[in-house]
Amino acid sequence: MTSLRRRLLILVAAVLVLAGVGTAVVLHAADRADRANQPQSGGPAVGAGKLTLGQKNRLAFINTAAGPHRTAVASVPSTDPKAGRTASSLKCARFYAAAGTGICLQSNPGVLKQSNRALLLDAGLRTKRTFPLAGTPSRARVSPSGRFAAWTVFVSGESYSSAFFTTRTSILDTRTMRLTPSLETFSIVKDGKPYHAKDINFWGVTFASDDDTFYATLNTANTTYLVRGSLSRRTVTTLVRNVECPSLSPDGNRVAFKKRILSRTNLWHEYVLDLRTLKETALAERHSVDDQATWLDNDTVAYALPTNGKVGSSDLWSVPADGTGTPRLLIAGASSPAPL
C-alpha cells in the first residue's frame, strides 16, 4: 500500500508539474503578445475602420506592426501603400481574398495544444463557415472568381526548412461547400507515369481563372515539383523540379516561385517561370524568400521578408517580375498581401 501510495503521489506531482509548465508557457506567450500589442513610437499610422473585400484599388494584408491592431486584416490604397492603414477587427495568421471572398487562417495557443481554424469570409469580412485545421497555418489562396479557396497547414514540424515536416493542403468549393480535406487523394502523374508513394506532401496552391486548373508544390523522395492540377478530374501532373510555393500571374502565363538554391538548406531565391517555354528568370531579390509571393499586377511580385530585429514581424517588398530593377519596400510591418 505504501509503494502504491508513493507511485500515486509521484504521478500526481508529475501531472501538476506538467500542468504548471504548460500554463507558464501559455502565460509567457500571452505576456509577450500583450507587449507586442502595445502602441510603439515610430510605427505606422493604423486606425480602426470599415474594410470590405469589395473595395477597389486597395491592397489588403495582415498588419504585423506592434500595437493594438497587430495581426488584424488591414488595407491601404494600392497607389499609396505607405499611407495610413485601415484595420478591421478580424485577426489572422494567414489571409487572402479575391472577388469578394476571403479566407482567414487563425491559430490560438492553448495549455495542451493550439487551436487552428479556417474562416471562410464574405465581402464584409463576416464568417460564413468555419473549418478546423489539422495543424499550424502556412499558406492560403482564393481563386480569381472567388469560387475556390485553398489552405496548407503544417501537421508536424514548424517550417519548410525543418528536417521532418508533414503538410496537409485542402481545397474548398465555396458554392457547394464541398471540402477536399487533402490533395493527397488526387491521382498523380509524375514524369508521364502514374505515381504512388507514402511520403507525398502538397503545399502552396494557386488557381487559374477557369475554376478548374490549379498549380501547387508536390514533394516526394526529397524532391519538389511544380504540378498542374485539375479539380474536375482530381489529378495532378508534374511539370518541372525545384519549385515551391507557386503563384500564378494574372495573365495565367507565368508562375512566381521560390527555388531552393542549396540542397537541404532553407535558402530560397525568387524566380518566375514562363509556363509556355518553361524558361526561368531569377528576380532581383537576393535575400532568401520563404513566402508564397503575390502578383500585384502582371509586372510586379510582392513577398514578405522578416523585419530586422523584430521577432514575429515582417515587411512586404516588391520587385519587377522580369528580373530587372531592384527590390523596394512596399509596406513595413505587413504580410499576406491581397490586391482587391
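How many helices and how many strands does the protein chain have? The chain holds one helix and 27 strands. Please bear in mind that this is a predicted model.

Let me start with the chain as a whole. It has 340 residues, and 46% of them count as buried. Its accessible surface is about 16,900 Å², with 54% of that belonging to carbon and sulfur atoms. If we take the contacts between residues at least 6 apart in sequence, 42% of these join residues at least 24 apart.

I turn now to one of the sheets. Five strands make up an open sheet with mixed pairing, in the order S1-S4-S3-S2-S27. Strand S1 (46-48) and strand S27 (334-339) are at the edges; each has a single partner strand, so one side of each lacks a neighbour in the sheet. From one strand to the next, the twist averages 35 degrees.

Within this sheet, how do strands S2 and S3 run, parallel or antiparallel? Strand S2, residues 58-63, and strand S3, residues 72-77, are antiparallel and are joined by five bridges. In this pair, arginine 58 stands opposite proline 77 of S3.

Finally, the surface. Which residues form a nonpolar patch there? Ile261, Leu262 and Leu267 do, with about 230 Å² of accessible area together. Isoleucine 261 is located in the loop between strand S20 (254-260) and strand S21 (268-274). Because its relative accessibility is 36%, isoleucine 261 counts as partly exposed.

Thank you for your attention.

Terms used: Residues are numbered from 1 along each chain as its sequence is written. This is a predicted model: local features need pLDDT of at least 70, side-chain atom pairs count only at pLDDT 80 or more; totals for chains, interfaces and linings use all residues. Side-chain values use heavy atoms; hydrogens and water are left out. Helices (H or I, at least four residues) and strands (E, at least two) are DSSP runs, numbered from the N terminus. Buried means under 20% relative accessible area, exposed over 50%, partly exposed in between (1.4 Å probe, protein chains only). Contact means heavy atoms within 4.5 Å. Accessible areas come from the Shrake-Rupley method with a 1.4 Å probe; for residues, only the protein chains shown count as cover. Patches are made of residues with over 30% relative accessible area and no salt bridge: like charges are joined within 9 Å, nonpolar side chains (Val, Leu, Ile, Met, Phe, Trp, Tyr) within 5 Å. A salt bridge is a side-chain nitrogen of Lys or Arg within 4 Å of a carboxyl oxygen of Asp or Glu. Two strands pair if DSSP finds at least two bridges between them. Axes are lines fitted to C-alpha atoms, for helices over the stretch in contact, and angles run from 0 to 180 degrees between N-to-C directions.
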